[in-house]
Amino acid sequence: MIAIRYASWIAGGVFVAALVLLFLHLSANDMEFSRYNTGWNGASAFFFDLDRDKTTDVFYPAVLEKQQGNATLLIIAPHRKPTENEIAGYRAFLAQGHTIFLADDFGSGNEILAGIGSRVTIIPVNVSSLDRQYADPYLIITYRTPEQGPFVMPSEIILNGAALLGGGTPLALTSVMSWADRNGNNRLNIGEEMGTLPVMVQESIGPGR
């Protein structure tokens, strides 16, 4: 009788462990910047560190119009064209003096920027640099500018596959030994911009940012 109970406990433990592993497998992914990506290119640790009492997942544009105080909306790696209702929600959010933080992976970021009336553009070309980590020219070191941004930033930030930006006031720049690698050959060629290139910028849109 004791042996049977012991075996049932073991079976129950194995079953629970299997359910936990299945849940973790189904809830994780390898999408760039995803909050469910536990890899180095994911944002799971970032969202884990956020204060959950002050963080809300926004699925409906109408929710944006009800935000109080100095709120920040994170739009990370948008993968589809924004709807008219979403653009209206973003505009209403900015009109209340809030901040939108957009990090795009060559998705629909430019459509969002154009929709909210921004003059910032994401140029679909990777930035390369001799000032980099390891042997990857796309794994570049960037430097904070004296400009005051919406959040505290370290003096140096390492970016992977950073894009060249147009417009806005720079918050982070590459070193002078950097260039826009337009042909993707990891080498500086004639016609490719070289110098301190903006990879993070800010812009005021009405009372918002």
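What follows is a conversation about a predicted model.

Trainee: Let's start inside. Why is Ala-172 called buried?

Mentor: Buried means under 20% relative accessible area. Ala-172 has a relative accessible area of 1%, so Ala-172 is buried.

Trainee: Where does Ala-172 lie, and which residues does Ala-172 touch?

Mentor: Ala-172 lies in strand S7. Leaving out residues up to four places away in sequence, Ala-172 touches Thr-142, Tyr-143, Arg-144, Thr-145, Leu-197, Pro-198, Val-199 and Met-200.

Trainee: What makes a group of residues a nonpolar core?

Mentor: The members must be buried residues of the nonpolar kinds, joined through side-chain atoms within 4.5 Å. The largest such core here has 13 residues, and Val-127, Met-153, Leu-164, Val-199 and Met-200 have the most contacts inside it. Strands S3 (121-129), S7 (169-174) and S9 (198-202) each give two or more residues to this core.

Trainee: Which residues is Met-153 in contact with, beyond its neighbours in sequence?

Mentor: Setting aside neighbours within four places, Met-153 is in contact with Arg-144, Leu-171 and Met-200. There is also a second, separate core of eleven residues, including Leu-73, Ile-75, Phe-93 and Ile-112.

Trainee: Now the surface. How do you know that Leu-130 counts as exposed?

Mentor: The cut-off for exposed is over 50% relative accessible area. Leu-130 is at 52%, so Leu-130 counts as exposed. Its place is the loop between strand S3 and strand S4 (139-144).

Trainee: What is the phi of Tyr-134?

Mentor: Tyr-134 has a positive phi of about 60 degrees, although it is not a glycine. Ala-77 is not a glycine either, and has a positive phi of about 55 degrees. You will find Ala-77 in the loop between strand S1 (72-76) and helix H4 (84-95).

Technical notes
Residues numbered from 1 in each chain as written. Predicted model: local features only at pLDDT ≥ 70, side-chain atom pairs only at ≥ 80, totals over all residues. Heavy atoms only, no water. Helix = DSSP H or I, 4+ residues; strand = E, 2+ residues; numbered from the N terminus. Buried < 20%, exposed > 50% of the residue type's maximum accessible area, 1.4 Å probe, protein only. Contact = heavy atoms within 4.5 Å.
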